[in-house]
Amino acid sequence: MKLYAISDLHLRHTENHQALAALAPRPDDWLIVGGDVGETLADMDLMLRTLTARFRQVVWVPGNHELWSMPSEQPPLRGEARYLRMVDLCHRYGALTPEDPYPRWPGDGPHRHYPLRYEHVRLPRIPRFSIWCGTRLTEDWHTRYRAEVVVTGHLHMPATLWRDGVRFEEVSLGYPQQWRHRGGLERCLREVLPGPEKSA
Ligand SMILES: [Fe+2]
Ligand SMILES: [Fe+2]
């Protein structure tokens, strides 16, 4: 039994939803979907319909794209009302959301979701540009709450980083030109638990 994570599915891109459709079922495993599924409720519905049929449990947290207000959607939904509609959609498919009690991971080891850390979002080639949107008050959460793995998305810069003995996983898929060379969604799924070092 494994816990996987993926974020930034960006399903408005045809190549991305084709990749989602091709993902093999993992009926014993859980999947964290870490935001940026897309801009519409239809994108969310497609993600939930596909992934809740292929994983034992899906856990969703919103990204910035889910929270954009789309004038093409009728009726137009904004802010909290839009977020709550997505939470309701998740519940209809049996997926967990930030509105649910913390789930207990039935496999090996604990996990939690965290905000981005500032030092992980600096872009060496564009030093004036930081895409950090967190708070310094959460800087020590990974040690204060004894996290085993910290999972984030949004950067479209998939990476495994270590700090204070804690593994930080950036689990983005991203736009087609960003993931094509990685060999498809199957290879972009990140194993959170038990984790590469324990399952090796
Ligand atoms: Fe994204
Ligand atoms: Fe994002």
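Q: What coordinates the iron ion (ligand 2)?
A: In this predicted model, the iron ion (ligand 2) is held by Asp36 (OD), Asn64 (OD1) and His154 (ND1), at 2.0 to 2.1 Å.

Q: How are those donors spaced along the chain?
A: The spacing for the iron ion (ligand 2) reads D-x27-N-x89-H.

Q: Where do asparagine 64 and histidine 154 sit?
A: Asparagine 64 is in the loop between strand E3 (55-60) and helix H3 (79-92), and histidine 154 is in the loop between E5 and E6. The two are 90 residues apart, and the pair links distant parts of the chain.

Q: How accessible is asparagine 64? And histidine 154?
A: Asparagine 64 counts as partly exposed, at 30% relative accessibility. Histidine 154 is also partly exposed, at 28%.

Q: Which residue bridges the two iron ions?
A: Aspartate 36 does, and the iron ions (ligand 2 and ligand 1) lie 3.4 Å apart.

Q: Which protein donors does the iron ion (ligand 1) have?
A: Asp8 (OD), His10 (NE2), Asp36 (OD) and His156 (NE2) lie 2.0 to 2.3 Å from the iron ion (ligand 1).

Q: Why is the arrangement around the iron ion (ligand 1) called irregular?
A: The angles subtended by its four donor atoms run from 85 to 171 degrees, which makes the arrangement irregular. A tetrahedral label would need all angles between 85 and 135 degrees.

Q: What about histidine 10 and histidine 156, where are they?
A: Histidine 10 is in the loop between strand E1 (3-6) and helix H1 (14-21), while histidine 156 is in the loop between strand E5 (149-152) and strand E6 (159-163). They are 146 residues apart in sequence, so the pair ties those parts together.

Q: Is histidine 10 buried or exposed? And histidine 156, buried or exposed?
A: Histidine 10 is buried, with a relative accessible area of 1%. Histidine 156 counts as buried too, at 15%.

Q: Changing topic, how many aromatic pairs are there?
A: The structure holds three. In one of them, the ring centres of tryptophan 30 and tryptophan 105 are 5.3 Å apart with planes at 85 degrees, so that pair is edge-to-face.

Q: Which parts of the chain does that pair tie together?
A: Tryptophan 30 belongs to strand E2 (residues 26-33) and tryptophan 105 to the loop between H3 and strand E4 (112-113), parts that are 75 residues apart in sequence. Both tryptophans are buried.

Q: How do tryptophan 60 and tyrosine 83 pair?
A: Their planes are at 25 degrees and their ring centres 6.2 Å apart, so the pair is stacked. Tryptophan 60 lies in strand E3 and tyrosine 83 in helix H3, and each of the two, tryptophan 60 and tyrosine 83, is buried.

How values were computed: Residues numbered from 1 in each chain as written. Chains lettered and ligands numbered in written order. Predicted model: local features only at pLDDT ≥ 70, side-chain atom pairs only at ≥ 80, totals over all residues. Heavy atoms only, no water. Donors = N, O, S within 2.8 Å, 3.2 Å for Na, K, Ca; no water. Tetrahedral: all angles 85-135°; square planar, octahedral: opposite > 155°, others 65-115°. Helix = DSSP H or I, 4+ residues; strand = E, 2+ residues; numbered from the N terminus. Buried < 20%, exposed > 50% of the residue type's maximum accessible area, 1.4 Å probe, protein only. Phe/Tyr/Trp six-rings, centres within 6.5 Å; stacked < 30°, edge-to-face > 60°.
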